[in-house]
There are 2 protein chains.
Amino acid sequence: MKVVVLSGGVGGGRFLLGVREYFGGTDAEITAIVNVGDDMWLTGVRIAPDLDSIMYSLAGVNDTERGWGRAGESERVSAELRAYGVGWPWFTLGDLDLGTHLTRTHYLREGLGLAEATRRITARWPLGVTLLPATDAEVETQVVTAEGIMHFQEWWTRHRAAIPALGFEYRGAPDSQPAPGVLEAIAGADLILIAPSNPVVSIAPILAIPGVREAIRGASAPVVGISPIIAGAVVRGMAEACLTAIGVETSASAVALHYGSRASGGILDAWLVDSVDAGVVDVIEGAGIRAVAVPLWMTDPATTAEIVRAAIAVAAEPV
Amino acid sequence: MKVVVLSGGVGGGRFLLGVREYFGGTDAEITAIVNVGDDMWLTGVRIAPDLDSIMYSLAGVNDTERGWGRAGESERVSAELRAYGVGWPWFTLGDLDLGTHLTRTHYLREGLGLAEATRRITARWPLGVTLLPATDAEVETQVVTAEGIMHFQEWWTRHRAAIPALGFEYRGAPDSQPAPGVLEAIAGADLILIAPSNPVVSIAPILAIPGVREAIRGASAPVVGISPIIAGAVVRGMAEACLTAIGVETSASAVALHYGSRASGGILDAWLVDSVDAGVVDVIEGAGIRAVAVPLWMTDPATTAEIVRAAIAVAAEPV
């Protein structure tokens, strides 16, 4: 069984722990196609937050208390950069994390693509999941605000999404192409899952890479999404500010309708909402998307594996 | 008074502490023209060991016990790089030191030259000395051995200079030019000092930059060198392996004759040897270089300042 998961960073990593848990002991091949819209150059170093968040989660070296980065992290290099007055003072590069960034930068400077660099970096740990960046190109999400256009990281990390977003641009996306292996993974998949990641700044930048949306729409595998919204609230992160900017209500059903059914030009065959949102199942199904309400809190890998089980079940239902 | 010092790293830094001490409280302007032959790219980061050694010494943040690098250093990032299998496993990048490398790399990637990057980096501390790299170009010292040509750092740090050197190449030097300010500093100097640094891999790479040797030969200021050899032994480092490779005896007089007198195509007007080498003063003077024997152990800045005093005295002597 070949499973493809479209994924953002921290929430995606948590979801992938459940996917790996569900398929543990089988010969399933799990591939995550990962958002690179948060990536950036900082003090000459290439940072890929979503790829790294997922890797750290799957490797079990993530900081579960803080919710991001490496466990046992320190910030000695960052303190030096601040003392020299370079970098973004509001963006902390952990020392352990920096080891990953430097390794990636080394490979990129050698002329390798991000996908190959990621392959070599992730080889350090037996992750059980193949991580593919959506593209080797530098497609970085920009946020349009009344104060100007800024990099997603500046809006998200520095301003905590408090400046109203007027829109999002996936700069460079039109001229980019999917990373090696992305289209092949989608075409060869038996199941495609949309992780409960931010629809606007995690999943949309993946779909913005020319060819990816079309590949998903044309895939033989069923496509099942998991709602990142539970009871009208974002499970984690600040997705509401993003959804509002693109005119989508922060609700499990609105996000499903935003993705749309494959039958009508969208990317979904089915959508999972949380049990508390059972009331919107009919609305979603009315839009041609099979829907089922199950517990969606990803408390631990075993609980998250049950979400995967439900996704497979709904995917197997007759249309 | 304008003082220019040609300098390598650790020993040069120690000498510069004495120069600064000597001129303390005066309006003297001290400029160090620093070797960049040890510089290199490592995991996408530009490392300039001599510039940094001098800066750390003058800033008082160097590790005096270990003899190099920053005090209170740690190696967390380096350990990560090793775990990922990149970089040179025998070359440790300290975390604090890496802050400097990243800052420099950031500026270089922005398109600044090394001299301007150095100006910005050194602005962090009131050093009392202006640090100028010999060149903005990437002129890296290569060591010719029977096992092939290798970067100076590999020969020096990895192999501890144990592989016999057959020669040295200052790769890129013929096509390089002095960094902005270098020729002006030499031309405008009232005193030029050659620090007791390694003649072959610290001073020679500076002189290999087209125009530098000529500027020193044509300078109106007296040029006084300080012997890095005391009693036939190198004060620090492994200079003997370097001198032997170029056919120069490891002695205070042989190094002086190797530099040569300005009157006969060399760069020296005068040369300081240690008191124990008083017996070679006549040989050196016979080569047209004024020589004087004084204590040359740089025990502390005050002691080193006495060397500077002796250099000024010998420079003032009638030819």
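How many residue pairs are in polar contact between chain A and chain B? The count is 10, with both residues at pLDDT 80 or more. A polar contact is a pair of N or O atoms within 3.5 Å; within protein, one must be able to donate a hydrogen and the other to accept it, and residues adjacent in sequence count only if both atoms are side-chain atoms.

The model is predicted: local features need pLDDT of at least 70, side-chain atom pairs count only at pLDDT 80 or more, and totals for chains, interfaces and linings use all residues. Residues are numbered from 1 along each chain as its sequence is written, chains are lettered from A in the order in which they are written, and side-chain values use heavy atoms, without hydrogens and water.

Chain A and chain B each bring 30 residues to the contact (heavy atoms within 4.5 Å). About 2,500 Å² is buried between chain A and chain B, and carbon and sulfur atoms give 59% of that area. Buried area is the accessible area (1.4 Å probe) that two parts lose on being put together, summed over both. Arg76(A), Tyr84(A) and Leu102(A) supply 28% of what chain A buries against chain B, more than any other three residues.

Four salt bridges link chain A and chain B (a side-chain nitrogen of Lys or Arg within 4 Å of a carboxyl oxygen of Asp or Glu). One salt bridge joins the side chains of Arg70(B) and Glu80(A), at 2.8 Å from N to O.

Within chain A, the side chains of Glu140(A) and Arg46(A) also meet in a salt bridge, at 2.7 Å from N to O.
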